[in-house]
Amino acid sequence: MADVVLKNLSKRFGDTQALADLDLSIRDGEFVVLLGPTGAGKTTTLRLIAGLERPDGGRIEIGGRNVAGEAPADRDVAFVFQQYSLYPHMTVYDNLAFPLRAPVRKLANDEVDRRVREIARMVRIDHKLENRSTRLSGGEMQRVAIGRALVRRPAIYLMDEPLSSLDAKLRAELRLELKRIQKELGSTLLYVTHDQVEAMTMADRIGIVAEGRLLQVGTPREIYGDPASLHVAARLGQPHINLLPTDLLPGANPPPGTKTIGARTEHLDIVLDQNANAQIDWIEHLGDQNHLHIRVRDHKLVTLADPYFAIRPGDRISLTLRDPLYFDASGQRLG
Amino acid sequence: MVEKAADATARATPTSVAHRVRGLSDRAIAWLFIAPTITLLLAINIFPLIWAIYLSFTNYRANRPNAPVQNVGLSNYERVLTDPDIWQAMQATAHFVFWTILLQTVIGFTLAYLIDRKFRGHAFWTTLILIPMMLSPAVVGNFWRFLYEPQIGLFAYAVSLVTGIPTADIQMLGNVSLAPWAIIIVDTWMWTPYVMLICLAGLRSIPDYIYEAAEVDRASAWRQFWSITVPMALPFIMLAVLFRGIENFKMFDMVTLLTGGGPGSITEVASITLKRAAFESWATGRASAFAIVLFVAVFGLANIYVKALNKVKQR
C-alpha cells in the first residue's frame, strides 16, 4: 500500500481532450470514488494509472516514485474491469491464482493456495472454486474478478465500474461487501462510477469529474452539502436538485450576484394553505416515500414527502425556502 | 363442438398461410418448398451412396454392363484390406495429410499472429497472402509443374542458387524421396492462407481487456501467449485442422496434375488408387468396397475429432 499522487495529468484521443491537468492525491488506505457521466475521463484516469495508456503530460506517483514511463506489470497495481475480464478457459481457482503465479513473485504453491482460498472466502465464491469461469452468473463472475484483484497486495486497487453490469439487488450487496473488504484489508482504492449511491455509500472521498476535469474533491458530506458549483450540486441528490430563479419563492436570502437558487428536498418547507403560492401537480408513490411534482407559476419542482403526509394532486400549498444553495451566473457557488 | 372450436381458432388467426393457399396446411407448404432440395440430395448423394454399398458386395464391372452380377459377400472387403498397394496408398495419404496439416497450422497460425499485430499495411499483406487460396487446384498443379521443372523451373533455379546443388539434380517431381515433399510444399503454399484466415478470426475473437488484465497481473508476453492466446484460439485452430484434414484425405486433382501418383506409386494417395481401380481396372465392386472403407475411416476419425473439438469449445 502507498500514497498515489497524480499531477497535471493530461491525455488526448485524437480531437478529444479526455483529461486536462488532473490533480488528485490518494492517501494510503483511502477509498476514493471518481463520479461523473460517461466520457468524463474517469476510465482514462484509471487506465493511465495502470499504464494501459500513456499520458501526454503530467506525473503519476505511486509511493513517491514517478511511474509514468513504466510498464503495467512494474507499477504494482490491480485492476478490475467493467466487463468480466476473467480468463474463460480457466477455473475460478486458476483465475484467482493467475496473478500469484507470475514468475517474478516466486510464491510457493501452498502459499498461493492459502491466499486463493482466503480471498475466495472473502468474496464468497469458495463453493465454486472448481467451476469453469464461464459457468458462473454475472454476480459470481464479478466477485471472481474482484477477488483476482484482491489476492494481490498492490500499492493501489483500480476499479472501473465493477458493479454497473449487475442487477440492483446484487449491486447493493456487493457494495456493502466491497466496503467491508476494503476496511478489513486497509487497502488503497480508486473506484470509478456514474452511480451516486455507490459514491455516497463507499467513498472516503469523492472526486467529481466532468469533461476531463476534476471539479471538486471532498468527503461525501462535503460534496453533497457544500458543492462548489452548480454542476457538482446537480450530480448528487435524488430527486434531482431544483434550479430556480431568485425571485420565485420566499425565504431566500441571496447574496449579491446570485443568478440561480438550488433547492433540494431539505431546502423546501411545505405547508398546506389555500392562499398559497404553489400547487401539487402529481404524486409518484414509491412506497417508502412520495415524489411530489409541484408547480410554482410556470416552474416545476420535484421534492420528497413522507408517505403519510396527507396531500393530494390539486392541493394548494405554501412553499418556502430554507437555507438553499446560491449560484452565480457562471455556476459557481456563492455565500 | 370441436369443429366450432376449430372454426373459432381459424377465425382468430386470419393471417395463417393456410387461409390464403386453399387446401394446403402450413406443414404441406413447408414440405413443398424443401422437396426439390431433398429430391436432389436423394438423387445425387444418398442414392449413389446406398448403390455403392450394394455394389461393394458384388463383382459388378461398369465396363461390362450386361455381364451377370453375382453377390460375392465380403470378399471385396477382404481384398481391399489385405492389398499391399492399398496400404501403400493409405500410408502415402497419411504422410501427406500429417505434414500438410502440421506445416499449414504452424505457418498459418504464425502468419495470423503477425498480421493480428495490425502493423502498417497489414490489410495489403493479408490480401497478398490470400491469393494462392483463390486459384483453382488445376491451375496451381500446372503452375507448379513448371516451377519444379529442373531445366527451366524457378524453384530448381532458386534452390540451386542458395545451396549450390546443380539444377539437374533437383528433380522435385522425379525423385522418389523428393516427390512426396513436392506435393506437400504446393498444398502448403496454396492452403496456408486458409488456415491463417481461420486462426485470425480466432485471435480477433479474444477481447483486448483479457490481455490488459493479464498485463496488469504481471503475465509476461510468453505467459500471455500460452495461457490466453493459444487456449482461446484453440477451437479455431482445431476447426482449421479438421477442414484441412478432410480436404486432404480426399486430395486428387492437384496430385494428379503434379505427379500423377509417381514416380512409381510413391505419391499415389488413396483417391488416385481408388480412381485407378474404378476407371482403369474397371473393378467397380472392389473400388466401391475401397470407397466405403475410406468413407468409414474419414467419418469415424472426423467424429472422434469433432467430439474433442466440442469438449475444447465448452471449456
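Chain A contains eight helices and 19 strands, where helices (H or I, at least four residues) and strands (E, at least two) are DSSP runs numbered from the N terminus. This is a predicted model, in which local features need pLDDT of at least 70, side-chain atom pairs count only at pLDDT 80 or more, and totals for chains, interfaces and linings use all residues. Residues are numbered from 1 along each chain as its sequence is written, and chains are lettered from A and ligands numbered from 1 in the order in which they are written. The model scores ipTM 0.81 and pTM 0.79.

**Chain A as a whole**

Select chain A. Its C-alpha atoms fill a box of roughly 80 × 45 × 35 Å along the principal axes. Of its 335 residues, 38% count as buried; a residue is buried if 20 or more other C-beta atoms lie within 10 Å of its own, exposed if 12 or fewer, and partly exposed in between, with C-beta atoms placed from the backbone. Two residues are in contact if their C-beta atoms, placed from the backbone, lie within 7 Å. Among contacts in chain A between residues at least 6 apart in sequence, 66% join residues at least 24 apart.

**The two domains of chain A**

Next, colour residues 4-235 as domain 1 and residues 242-334 as domain 2 of chain A; domain bounds come from an automatic or database domain assignment. The centres of the two domains, taken over C-alpha atoms, are separated by 38 Å. Six residues from domain 1 of chain A and seven residues from domain 2 of chain A make the contact. On the domain 1 side, four of these residues are nonpolar, two are polar and none is charged. In this classification Ala, Val, Leu, Ile, Met, Phe, Trp, Tyr, Cys and Pro count as nonpolar, Asp, Glu, Lys and Arg as charged, and the others, Gly among them, as polar.

Now select residues 4-236 of chain A, where UniProt places the feature "domain: ABC transporter" in an unreviewed entry. UniProt positions are given in the numbering used here, feature names are shortened, and annotations may be inferred rather than shown by experiment. This span is 34% helix and 26% strand, and its end C-alpha atoms are 26 Å apart.

Within chain A, select helix 1, residues 42-50. Nine of its nine residues are buried, among them A:Lys42, A:Arg47 and A:Ile49. Just after helix 1 of chain A, A:Gly51 takes a positive phi of about 90°.

Continue to A:Glu53, in the loop between helix 1 and strand 4 (57-62) of chain A. Is A:Glu53 buried or partly exposed? A:Glu53 counts as partly exposed because it has 17 C-beta neighbours inside 10 Å. Leaving aside residues up to four places away in sequence, A:Glu53 touches A:Lys11, A:Thr44, A:Arg47 and A:Leu48. To move on, draw a distance from A:Glu53 to A:Thr303: the two are 250 residues apart in sequence and 43 Å apart in space, C-alpha to C-alpha.

Select strand 14 (residues 278-285) and strand 15 (residues 290-296) of chain A, which run antiparallel and are joined by six bridges; two strands pair if DSSP finds at least two bridges between them. A:Ile280 stands opposite A:Ile294 in strand 15 of chain A. The hairpin of strands 14 and 15 of chain A has four residues between the strands, and A:Gly287 takes a positive phi near 100° there.

The hairpin of strands 15 and 16 of chain A has two residues between the strands, and A:Arg297 takes a positive phi near 50° in it.

**The interface with chain B**

Show both chains. In the interface, 18 residues of chain A are in contact with 13 residues of chain B. Strand 6 (residues 77-80) of chain A gives the largest share of the chain A side, three residues. By class, the chain A side has 14 nonpolar, three polar and one charged residues.

**Chain B**

Chain B averages a pLDDT of 87, and 93% of the residues score at least 70. Confidence in chain B is lowest in helix 2 (residues 17-20), at a mean of 52, and highest in helix 9 (residues 179-204), at 94. Where pLDDT is low, the predicted coordinates should not be read in detail.

The domain assignment of chain B gives domain 1 (13-55) and domain 2 (75-314), with 38 Å between their centres, taken over C-alpha atoms. Finally, select residues 90-305 of chain B, listed by UniProt as "domain: ABC transmembrane type-1" in an unreviewed entry. The span is 75% helix and 0% strand, and its end C-alpha atoms lie 19 Å apart.

Terms used: pLDDT = per-residue confidence, 0-100.
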